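Biologist: I am new to this structure and would like a close look at its side-chain contacts. Please start with the rings, go on to the charged groups, and end with the sheets.

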Amino acid sequence: MSRGSTWFAALTGVKPAGFEPASVLCADAKVGDERARFLSVVPNSEARFPRARGGELGLEEGWAIAWYVREVMSDDEGDRRAIIAVVDVPGQPYGYHEELLGLNLALAASVNAYAGARLAGHPVIALVVGRAISGAFLAHGLQANRILALRDEDVEVQVMSKRSTARITRRSVDELDKIAREVPATAFDVGSFARLGALHHLIEGVNADEPGDADVERVRDALAGAISSARQDATDLSSRLESPEARENRSASLRVREKLAEQWNQ
Amino acid sequence: MSAPSIPRVHFTELSARERAKALLEAGTFRELLGPFERIESPHLSPQGVVPQSDDGVVVARGTIDGSPAVILAIEAAFQGGGIGEVSGAKIAGALELALGDAEAGTPVRPVLVLETGGIRLQEANLGLLAIAEVHAAIIALRRYVPVVGVIAGPLGCFGGMSIAAGLCSYLIMTREGRLGLNGPAVIEEEAGVAELDSRDNRRVWDIMGGEQRVAVGMADTLTEDDPDSVARAVREAFAAGLPERHRSAKVERYETRLGVIDSSQELDGQKLRSIWAEERR
Amino acid sequence: METLNFDFPASRPVSRRVHVGVVGSGDLEILLEPLEDERALVVVRTSADGFGEVWRNVLDRFFSRNDVAASIEINDQGATPGTVSLRLAQAVEEARS
């Protein structure tokens, strides 16, 4: 079972089976004393589009996420349910059909849904339990008010898998590791990603593959904390740039914004 | 005084700065964070890559049809238009300022001139975060004012910025332009030449070229590759006002469209046009 | 990547600053600005290592034919000597127009 399935089942108590498409799991479950909607993308050996059978976020997945998120938005009028993206996505599928049928738009649809929900006042939380790669992470996780991640050596955040980066940049994995030590933005490990300041919280000491009850409780507590923090804050992504880590390691992002603001009306 | 229009100039032959000028009313171009401010990427020279003084993105204020506008033009020739921390922050930051104006009741017309392979690999996760912020800003901003995207050149628009293109209110393309999530070379590399021969230009443009994207409704306007035509298409997009529903929000429509596709069947651009035209009836 | 510094005697000032070119394959960008001193100060950042002599020759030739007191910054992505001279001439012409 993929980590996306494992954590979906552990947090919702719902069996990760019988969904249509089978690659996008969706259920509502309690976090603290409120109900939240959980979404996870998982491998599906029967997927209609064969390039997306390994848990990739493809055409069907992008549109299905958009549908599930919009359902929450239209159902809730008063109390806005939290939406939790359980993230274990190896990337987007590389295929002929995918491009012809508009993969960029399918991913835009899920970006649009998550961001729209956030702007409408739904706390959107990403919980990274495995890989968070590239376009798939943009579409499933990166529009969240708050991003949580498990501290675990197989939790990876990057713009391309290590294997593909090595092939495309014609560098060995050892060389990539060496560059990554000097430039944290190019590293794969979640600790390096945390240094960029976009993580709300790095959850320590949890068994990511076979979580026990205490592990699940710890993660649920972290989710509850993130939800309440998101409810008290702005609905944009500004918190990512306000963290101490961002002030240090995304100083250029801040400087550009300051200078643009100075020159905007002249 | 109006600038003389010189015939036979291609929009795609212009630099990002010249493109921004071409889209604004004559004499109104004002660049923000221009080359002499030297806000370049701090991450490139430590990795042995020569930086560019504007990091490959031109931010320009001016007017379109008498209304205040901001153009964000990516320079294709620098690092394949790749988005790094600075270039990404220029785009996201300008859109955030435009959002502030829109919320204050004085909307600025935003235009993205997209010519990019996606995230700049040397800046990796910094580019990824910046692009997420670009997406967030487009979605927030287009509640008030259309966000218009232009994809003109043969480099095209790929990666995270192709998602940004998918979020635009209106997308203008030339026949030379192309739009896809993954570039053909990456698809060939990852999935094999049988999946897609990246040197087969006819096939590549058949899938993702401007004409095909407009024909199936994934872009809105097909324009000639000259400055006047592109500028006219941009003006017309703003004149049309906000779309009733943004393309990336049309979930039922595209789920239906995907539902009628038999993924085991041979499919090409023409076949898709006829399948989806039938579905529309 | 290599950074090279050059200094040439010059007396004729330029009236305004000029930016030309792009750091694209086989091309370069030039940032030319007025300078109080009677010199041409040139800083080159180039992607191609080990071409210091070639740069010295190209710039020597250019500044022996063109009297330009200015600060000049060049960001180069493997431009040929011909392209370098062409871009420099373009920058100087614009700075004097």
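Modeller: A residue is called buried under 20% relative accessible area, exposed over 50%, and partly exposed in between, using a 1.4 Å probe and protein chains only. The model is a predicted one: local features need pLDDT of at least 70, side-chain atom pairs count only at pLDDT 80 or more, and totals for chains, interfaces and linings use all residues. Residues are numbered from 1 along each chain as its sequence is written, chains are lettered from A and ligands numbered from 1 in the order in which they are written, and side-chain values use heavy atoms, leaving out hydrogens and water.

The rings come first. Two rings of Phe, Tyr or Trp (its six-membered ring) pair if their centres lie within 6.5 Å; planes under 30 degrees apart count as stacked, over 60 as edge-to-face, and the rest as tilted. Over all chains, 8 aromatic pairs are counted. Trp67(A) is partly exposed because its relative accessible area is 34%, while Tyr68(A), at 12%, is buried. Phe6(C) and Phe8(C) form a stacked pair, 6.3 Å centre to centre and with 20° between the planes. Both Phe6(C) and Phe8(C) are buried. Together with Phe62(C) and Phe63(C), Phe6(C) and Phe8(C) form one aromatic cluster.

Rings also meet charges. A charge sits over a ring if NZ of Lys or CZ of Arg is within 6 Å of the ring centre and within 35 degrees of the ring normal. The charged end of Lys21(B) sits over the ring of Phe29(B), 4.9 Å from its centre.

A salt bridge has a side-chain nitrogen of Lys or Arg within 4 Å of a carboxyl oxygen of Asp or Glu. Helices (H or I, at least four residues) and strands (E, at least two) are DSSP runs, numbered from the N terminus. Over all chains the structure holds 38 salt bridges. One of them joins Arg3(A) to Asp209(A), with the closest N and O atoms 2.8 Å apart. Arg3(A) belongs to helix H1 (residues 3-12) of chain A and Asp209(A) to the loop between strand E7 (201-203) and helix H9 (213-231) of chain A, so the pair ties together parts 206 residues apart in sequence. Arg3(A) counts as buried at 8% relative accessibility, and Asp209(A), at 45%, is partly exposed.

Lys178(A) and Glu182(A) also form a salt bridge, at 3.9 Å from N to O. They are 4 residues apart in helix H7 (residues 173-182) of chain A, which means about one helical turn separates them. Lys178(A) and Glu182(A) are both exposed.

In chain B, Arg247(B) and Asp220(B) meet in a salt bridge of 2.7 Å, N to O. Arg247(B) lies in the loop between helix H8 (227-239) and helix H9 (251-259), and Asp220(B) in the loop between helix H7 (210-215) and E7 of chain B, so this pair ties together parts 27 residues apart in sequence. Arg247(B) is buried at 7% relative accessible area, whereas Asp220(B) is partly exposed at 33%. Elsewhere, salt bridges that share partners join Asp28(A), Arg35(A), Arg37(A), Glu71(A), Asp75(A), Asp76(A) and Arg81(A) into one network.

The sheets remain. Two strands pair if DSSP finds at least two bridges between them. In chain C, 5 strands form an open sheet of mixed pairing, in the order E1-E4-E5-E3-E2. Strand E1 (2-9) and strand E2 (18-21) of chain C each have a single partner strand, so one side of each is left without a neighbour in the sheet. Strand E4 (residues 39-46) and strand E5 (residues 70-77) of chain C run parallel, joined by 7 bridges. Ala40(C) has Ala70(C) as its bridge partner in E5(C).

Chain B has an open sheet of 7 strands, ordered E1-E2-E3-E4-E5-E6-E7, again with mixed pairing. Its edge strands, E1 (30-32) and E7 (221-223) of chain B, each pair on one side only. Strand E5 (residues 148-151) and strand E6 (residues 170-174) of chain B pair in the parallel sense over 4 bridges. Within E6(B), Tyr170(B) is the bridge partner of Val148(B).
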